[in-house]
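Work through these exercises with the sequence and the 3D view open. Try each task before reading its solution.

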Amino acid sequence: MTNQAIAEWFQLYEEDITSFLIYYTGSLDVEDLVQETFLIAMKKMSGFKGQSHPKTWLISIARNKVIDDYRRKKVWEKIKYSIFREQKLSNELEERTIMNQEVSHLYKAIHQLSPRYKEVVILRGILELTPKEVSEVLKVNVNHVNVLFHRSLTKLKDILVKEGFADEEYGKLTRKSENPS
C-alpha cells in the first residue's frame, strides 16, 4: 500500500470521515482532525492488513484520535455544553449540517445520549455502516452492535418525545405544536 492509496481513500471517504467527526465531536470545526486522521493512516499504512474496509479503518483512526485528544485535554465536560451554544452558519458545510430545525433538534438529542449510544447512532444511523463494520470500529461483536443500536434508538426517541416531538403512527416524530393534515 502506498501514499497513492491514501490519496484515493481521501477522495472516497473524506466526506464520511468529516461527517463522523462533526457528529462525534459536536463541533463543525473538524478539518484538522480529518487531516490528522489521514496523516496517521499514512504513517500506519504498513499496519493495515486489509482485514476491514478502508472506511472502517479510517473511522476507527478518527475515533481514536478524538478520544486521545479529549483525554489529554480533559474536555469531555465541554462536549455536553457546547451543543447548547448558539452556532453561526458561516459556510456551506455548516448549512448542510444544520439544515433545518428538526435536524438541529435531532443533533442535540444525539448528543444527550451516552457516548457508546452516540457512537452507534452515528455509525449505524447516520453513516449507514453495516453492523459488522460498526463491530470492527467499536471492537465488539455484531449482536452487541444490534442491541446497542436498538437501545440507542429507543433512548433517542424518548429524548425527542420529551423535548416536544409527538410520537405518531409509523414511527414518525413531529412537533406537538404542528397541526396534523
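**Exercise 1. Classify glutamate 119 as buried or exposed, then find its salt-bridge partners.**

Note that this is a predicted model.

Step 1. Glutamate 119 has a relative accessible area of 5%. The cut-off for buried is under 20%, so glutamate 119 is buried.

Step 2. Arginine 63 forms a salt bridge with glutamate 119, and their closest N and O atoms are 2.9 Å apart. This pair links distant parts of the chain: glutamate 119 sits in helix α7 (residues 115-126) and arginine 63 in helix α3, 56 residues apart.

Step 3. Check the burial of arginine 63. Its relative accessibility is 12%, so arginine 63 counts as buried.

Step 4. Look along α7 itself. Arginine 116 and glutamate 119 also meet through their side chains in a salt bridge, at 3.2 Å from N to O. Both residues lie in helix α7, three residues apart, or about one turn of the helix.

**Exercise 2. Which residues are linked with Lys65 in a network of salt bridges?**

Step 1. Start with one pair. Lysine 65 and aspartate 69 form a salt bridge through their side chains, 2.9 Å from N to O.

Step 2. Aspartate 69 and lysine 65 are both buried.

Step 3. The network joins Glu36, Lys65 and Asp69.

Step 4. The model has six salt bridges by count.

**Exercise 3. How many residues does the largest nonpolar core have, and which element gives the most to it?**

Step 1. The largest nonpolar core has 45 residues. Trp9, Ile17, Phe20, Leu21 and Leu123 have the most contacts inside it.

Step 2. List the elements that give two or more residues to this core. They are α1, α2 (31-43), α3, α6 (101-110), α7, α8 (131-138) and α9 (142-162).

Step 3. Pick the top contributor. That is α1, with ten residues in this core.

Step 4. Zoom in on phenylalanine 20. Leaving out residues up to four places away in sequence, phenylalanine 20 touches Ile59, Ala62, Arg63, Ile122, Leu123 and Leu127.

**Exercise 4. Where does threonine 56 lie, and what does it contact beyond its sequence neighbours?**

Step 1. Threonine 56 belongs to helix α3 (residues 54-73).

Step 2. Its relative accessibility is 1%, so threonine 56 counts as buried.

Step 3. Set aside neighbours within four places in sequence. Threonine 56 is then in contact with Glu133, Glu136 and Val137.

Step 4. Turn to burial in α8. The buried residues there include Glu133 and Val137.

**Exercise 5. Describe how α7 and α9 pack.**

Step 1. Take the geometry. The two axes are 9 Å apart, at an angle of about 100°.

Step 2. Name the arrangement. Angles of 65 to 115 degrees count as roughly perpendicular, and α7 and α9 are therefore roughly perpendicular to each other.

Step 3. Find the residues that meet. From α7 come Arg116, Tyr117, Val120, Val121, Arg124 and Gly125; from α9 come Val145, Leu148, Phe149, Arg151, Ser152, Lys155 and Leu156.

Step 4. Sort them by class. The α7 contact with α9 has seven nonpolar, two polar and four charged residues.

**Exercise 6. What is the phi of glutamate 128, and what is the phi of lysine 139?**

Step 1. Recall the background. Most residues other than glycine have a negative phi.

Step 2. Read both values. Glutamate 128 has a positive phi near 55°. Lysine 139 has a positive phi near 60°.

Step 3. Locate the residues. Glutamate 128 is in the loop between α7 and α8. Lysine 139 is in the loop between α8 and α9, just after α8.

Step 4. Classify their accessibility. Glutamate 128 has a relative accessible area of 64% and is exposed. Lysine 139, at 65% relative accessibility, counts as exposed.

Conventions
Residues numbered from 1 in each chain as written. Predicted model: local features only at pLDDT ≥ 70, side-chain atom pairs only at ≥ 80, totals over all residues. Heavy atoms only, no water. Helix = DSSP H or I, 4+ residues; strand = E, 2+ residues; numbered from the N terminus. Buried < 20%, exposed > 50% of the residue type's maximum accessible area, 1.4 Å probe, protein only. Contact = heavy atoms within 4.5 Å. Salt bridge = Lys/Arg side-chain N within 4 Å of Asp/Glu carboxyl O. Core = buried A, V, L, I, M, F, W, Y, C linked by side-chain atoms within 4.5 Å. Axes fitted to C-alpha atoms, helices over the stretch in contact; angles between N-to-C directions. Parallel < 35°, antiparallel > 145°, perpendicular 65-115°, else oblique. Nonpolar A, V, L, I, M, F, W, Y, C, P; charged D, E, K, R; others polar.
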